[in-house]
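Subject: Structure for your files

Hello,

Here is the structure I said I would pass on. My notes follow below it.

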There are 4 protein chains.
Amino acid sequence: MTRKLLMHVGPTTIDLDVLLAGVKESSGFTSEDFVYASKNVLYSMEEIVKAPPNSQSLIIPGSGTAAMESCVSLLNKDDKVLVISNGVFGNRWTSIFSRYPLKVETLESRPGEVVPLEEIAQKVEKNRYKMITFTHVETSTGVRLNIGDYAKAVRDFVDIIVVDGVSSIGGELVDMSGWGVDVYLTASQKALGAPPGAGLLVISPRALEVINHENLGGYFLNLSNWLPVMKSLKENVGGYFSTLPVHLIFSLSKAMELIRHEGVEKRIKRHELVARAIRGGVEGMGLEIVAKKGLYSNTVTGVLLKKADPVRLLEEIQSENVELAPGVHPALKGKYFRIGHMGWVTPNDAIATIGAIERTLRRLGEDIRIGEGVMAVQEILGA
Amino acid sequence: MTRKLLMHVGPTTIDLDVLLAGVKESSGFTSEDFVYASKNVLYSMEEIVKAPPNSQSLIIPGSGTAAMESCVSLLNKDDKVLVISNGVFGNRWTSIFSRYPLKVETLESRPGEVVPLEEIAQKVEKNRYKMITFTHVETSTGVRLNIGDYAKAVRDFVDIIVVDGVSSIGGELVDMSGWGVDVYLTASQKALGAPPGAGLLVISPRALEVINHENLGGYFLNLSNWLPVMKSLKENVGGYFSTLPVHLIFSLSKAMELIRHEGVEKRIKRHELVARAIRGGVEGMGLEIVAKKGLYSNTVTGVLLKKADPVRLLEEIQSENVELAPGVHPALKGKYFRIGHMGWVTPNDAIATIGAIERTLRRLGEDIRIGEGVMAVQEILGA
Amino acid sequence: MTRKLLMHVGPTTIDLDVLLAGVKESSGFTSEDFVYASKNVLYSMEEIVKAPPNSQSLIIPGSGTAAMESCVSLLNKDDKVLVISNGVFGNRWTSIFSRYPLKVETLESRPGEVVPLEEIAQKVEKNRYKMITFTHVETSTGVRLNIGDYAKAVRDFVDIIVVDGVSSIGGELVDMSGWGVDVYLTASQKALGAPPGAGLLVISPRALEVINHENLGGYFLNLSNWLPVMKSLKENVGGYFSTLPVHLIFSLSKAMELIRHEGVEKRIKRHELVARAIRGGVEGMGLEIVAKKGLYSNTVTGVLLKKADPVRLLEEIQSENVELAPGVHPALKGKYFRIGHMGWVTPNDAIATIGAIERTLRRLGEDIRIGEGVMAVQEILGA
Amino acid sequence: MTRKLLMHVGPTTIDLDVLLAGVKESSGFTSEDFVYASKNVLYSMEEIVKAPPNSQSLIIPGSGTAAMESCVSLLNKDDKVLVISNGVFGNRWTSIFSRYPLKVETLESRPGEVVPLEEIAQKVEKNRYKMITFTHVETSTGVRLNIGDYAKAVRDFVDIIVVDGVSSIGGELVDMSGWGVDVYLTASQKALGAPPGAGLLVISPRALEVINHENLGGYFLNLSNWLPVMKSLKENVGGYFSTLPVHLIFSLSKAMELIRHEGVEKRIKRHELVARAIRGGVEGMGLEIVAKKGLYSNTVTGVLLKKADPVRLLEEIQSENVELAPGVHPALKGKYFRIGHMGWVTPNDAIATIGAIERTLRRLGEDIRIGEGVMAVQEILGA
């Protein structure tokens, strides 16, 4: 039997219609239906993140990391870059920038926390940075940063504000225009709910101006190579730089159609409800959440165990037809696991997942209150 | 979003691999892969019901009712037939037989109950019946008959024992050989977990002998027309009487593969566990089950409401991404609904369904104990 | 590799979108999307056959034969029925009617020919028949009857005119209203291009009046049992008599959508072009067609071989990724094979099929002109 | 109707089972079935290219260009690199290397031709190059290089021999071990016949030794980041660097299964036959092929037109349900188009495509001999 709940951080349980939309035997990168699907994805992205007028979105074959690295092509040799890191994926920015001749500085929070706004404010007032990067939801811990406040606070002091929205776009409120963000990026397999295989970026007119072939960056991930194709696709005309993941883009286009049908606001509310239910369940059974209060996200919940080994939990819970995500923050190694709840997740998944965790943890001898997790979920869902 | 739990009485939530197995662009009724799939279905059926040696199974395009009516071709003009009816689908036998020149008698139970064994024993000892029909699980109420005892009690007094296993085969223990049953039939969309579109029968050697073209019955549903094709398919050779539902049979063949992989006994245990969990949930929230104690089935649960209108429940619960089945027994009209739990159903579905019923019924003002249903489910699943 | 051309008489090569439309995990017979799909199929059928106002179409689980037998429920004991048979499927009417207390007479043509109009005219002028049945395209030989002329000729002399449109509807011009036909029926897997599993009927208001529970006929195939459900579905309200093939109906609904998008007239023209190309190819390579000139159909072509064994051809041509249909007319046993060309067939299939037949027959030593078949196809397609 | 032949250079017409294998609702990058599929792809790649023992294959999310750029991580600052370019995709190597601090030299052929072996031999004997790159089949013109001879000739003079096998692996003979090649790379959507979205590399033990974090290259396309994950997957243990295209890898794994079932040699022969048939058809109708005699490939054929505009041909032929690829070599702009024939292509596709080209070109007034193309195809296929 293949029925299973994939409560992972992406790919996660995918809507069947999204998958079936990618079953195309004879569509190529010049086919009319593909060009239309690409156009739909590009326009939808701009709508979902509330992009400023004349923004341009791009689809980069690869993954979220590919989209992150493509931002290097907005920079020049010796540019100063400030990375605000709340965890593993914040640090990934530093790893990327370190491969290029840039001056990178990193402010890093403790796990489950965020870098305080004041610390950053001080920093940017003293130094002019060409680029600052934030992580909206830090996938390694489930911590959400209040991008609105942070972006506004630094807006006057840095040239390009980049936000990694990998675990946020589609599941969290994003207001690129209102918050003054220049680049908002994500990946196909997260809260947009398609299979993995593409990074997606939306770039403000201000940042678009900066893109040119003289900048840093390699070839494949260079935005200056992709920009003409993406502009062309937005006008419903095919183009070619390197082959796009045609079938994935059909799936993404279907996801966008379903997102529009659900409504972005309603979708975020659904994520918010499911996240609250899951946190309620976790605390109901007597466990602690990694993210500090006020920093909870709609999409990822890190859960600290008392005695049980999270690796054993992940193995054991498969017999309950549930798959969870391992913890990856080095500072919490062996102490926690993650529940991904994004994309097409429902309240039904929340109660089923909490139920399965309760039962499995009890079998593993963890000190929890069996039944009180699901009871708490039910109270939140039924409120 | 199309993610939904179909807790209906068939079709019910179907495993994706079963569906995908039916996506065949170029397979026809003479294609090698189709002949092989048919053969697999026929042999698997005999294994699942524990058929006596030299039995023959048949696939009849149509539905469970078609399979029921095909049994008419085992009879001759003026034959005496005894129908044991525990509800709507028991009565269906009477409706079918009444279309033919037969002498039909019907013993009917009250809803939620079964016809007592003694009543039947008395009857068959007095009259020689050519055929007696039982319903293993009465889909209209969820009542299960102890076929083993009933079949053995009448075995010496009737020629052909037919059991409607529509809501049982694949989810309940069936021992055709041990119980001395001559015909066990079902439909593709029930506990076997494939789409609807076919009735399936397994016929004992004794009953096979009776089949001939002089018997009653029309043309399309006449077993004598289908028998040569089915014998041929069991020997991996194609045949034709009327076009079989090729794509459905590919799905059924995949279902059989998954059933074999799970193991029939383990599959029945899974059904039994989920059924207990659902009943626990129903009683936990303070509602009553239609079937009397001791008559519960693994596949269908009828639930009596106190004040709420079941029609409203069925409408409202759709917003929770759950679909339930309406009550259909005329004697309980407007008083109950049904939960189907068969095929690929999991404990996750049980807790999610009970959770959704609790929340919806509370919104509808039903007098239930919110949270205690899911708590009870959790206790049963975690035991 | 699974790429293959299924040039069979049904199922035939199916459009992928039609198949994918049936991949539904959680749609049941009360689900909203299913009710809508059913409604779409019912209305589309009436449009495709140009049904008179207030007609009613029906979906009968099973096959074309099931739809044929359901017409018995329009008859009463001892009614006189005239069967006009041009081959195996014409004779099937006689086999069906013979199972019921009816007075059946059959006029039968030689293979490849049709019963002359005069012969029938004489017959119906002499006797009043309650029902006459015609076969629009006789699948066993590919012969097409001019239903317009035949129906008009008998209209005043018989009560109910039934046409088996199994190999015609969707590929041949049908004008039920203009021709005065009472029942036009087909099956899902033929020129409508969906998987097998359902018979479809459109019934005129005059014939609808006749339907009642006192008529002949069994239970499952009795139109009086299905009529209330089908009327309800046309009004977008679910109903139940026996479980419909839910997933197949989603596929059929998609087929109807594609048919409407293509346009019925354009679709018939495509069938006509492909059929001409295939006949051109057959004659170009020097072989003879079973149907006499003037009796060719758009959907099935029977081909007579000179020396080669058709069974060997069918086996051998599989290595060319083409599957053909065997001959089934007893009078031509061992002498011919059939090419099905209906549903989603294209000119590309025509040339590929003729090419594969040429190459295979040459390998088998048949006396043909290699290359001239495809050349002839090309001339017709490029004209 | 969605039935169409995609005779493009990738993606091309894809086998349905390959597509369906990617329809997975609940498989993530830690799921057991995914880890197994990845392992299968990695081992199969090494088998298909006949890799030397202890080679390591890698899957790089993105495309063929991504795989090409990942080779930069085998190089160090100021390394000398020699690019052998026979067209657009040969030049792509130069474009890639130019983004890094390398000393790049390029030898470029005329379109339809290849750089002569002697020219290269002279070059490498004079200078020590760290890396030389060849293109096995130049997708822009369809020209095939005799890699065996070229690789052997330079083997003693360069450190790392890289071959772009994008349009060859799966459709042309590849003998990495016998020819002494260090890196053979391709993309998922070419002759392997899966959807686009991944580059694939096989790296010899010698080249593996060179990979380390001190080399050139960015982050995402850096082989040193992917190597640990790929080693782990070969041992059936999951790993993470950046999310892999999970669903695509399931499709690739299915493609590998089908390739193994067909047999690599038989697969190459099929490609060779179809390619010959297509070239026969092109020349039969009186048109010229871009690649010079002796340089034909099994996978791509460039066709020169006399008067007709290739853009118009590509538009018009869509009405024949065929899609072709545009010409992209700047030196032949407006003069040619391409036919892709790889992956799951069959002789049926060859004759259908040539037939459609003939008919369309005649409508466009091109000077061709109608019917002689298909006749020539038929002669080759039937030989």
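In chain A, A:A325 sits opposite A:R338, a residue of strand 14. Please keep in mind that this is a predicted model.

The strand pair behind that detail is strand 13 (residues 322–326) and strand 14 (residues 336–340) of chain A, which run antiparallel and are joined over two bridges. Both belong to an open sheet of five strands in chain A, with the order 1-13-14-12-11 and mixed pairing. Strand 1 (5–7) and strand 11 (288–289) of chain A are its edges, each pairing on one side only. Helix 11 (residues 264–284) of chain A lies across strand 11, strand 12 (300–304) and strand 14 of chain A, and makes an angle of about 5° with strand 12.

Next, the contact between chains B and C. Chain C puts in 42 residues and chain B 43 residues. On the chain C side, strand 1 (5–7), helix 1 (16–20), helix 3 (64–70), helix 4 (88–97) and helix 10 (246–262) each provide at least two residues. By type, the chain C residues touching chain B are 21 nonpolar, 16 polar and five charged.

Last, chains A and D. Chain D superposes on chain A by a rotation of 180° with 0.0 Å of shift along the axis, at an RMSD of 0.0 Å. The two copies are therefore related as by a two-fold rotation axis. Within chain D, the residue that comes closest to this axis is D:G62, with its C-alpha at 2.1 Å. Because 100% of the interface residues of chain D are also interface residues in chain A, the copies meet through the same surface.

Regards

Key: Residues are numbered from 1 along each chain as its sequence is written. Chains are lettered from A and ligands numbered from 1 in the order in which they are written. This is a predicted model: local features need pLDDT of at least 70, side-chain atom pairs count only at pLDDT 80 or more; totals for chains, interfaces and linings use all residues. Two residues are in contact if their C-beta atoms, placed from the backbone, lie within 7 Å. Helices (H or I, at least four residues) and strands (E, at least two) are DSSP runs, numbered from the N terminus. Ala, Val, Leu, Ile, Met, Phe, Trp, Tyr, Cys and Pro count as nonpolar, Asp, Glu, Lys and Arg as charged, and the others, Gly among them, as polar. Two strands pair if DSSP finds at least two bridges between them. Axes are lines fitted to C-alpha atoms, for helices over the stretch in contact, and angles run from 0 to 180 degrees between N-to-C directions. Copies are superposed by least squares on the C-alpha atoms of residues with pLDDT of at least 70 in both.
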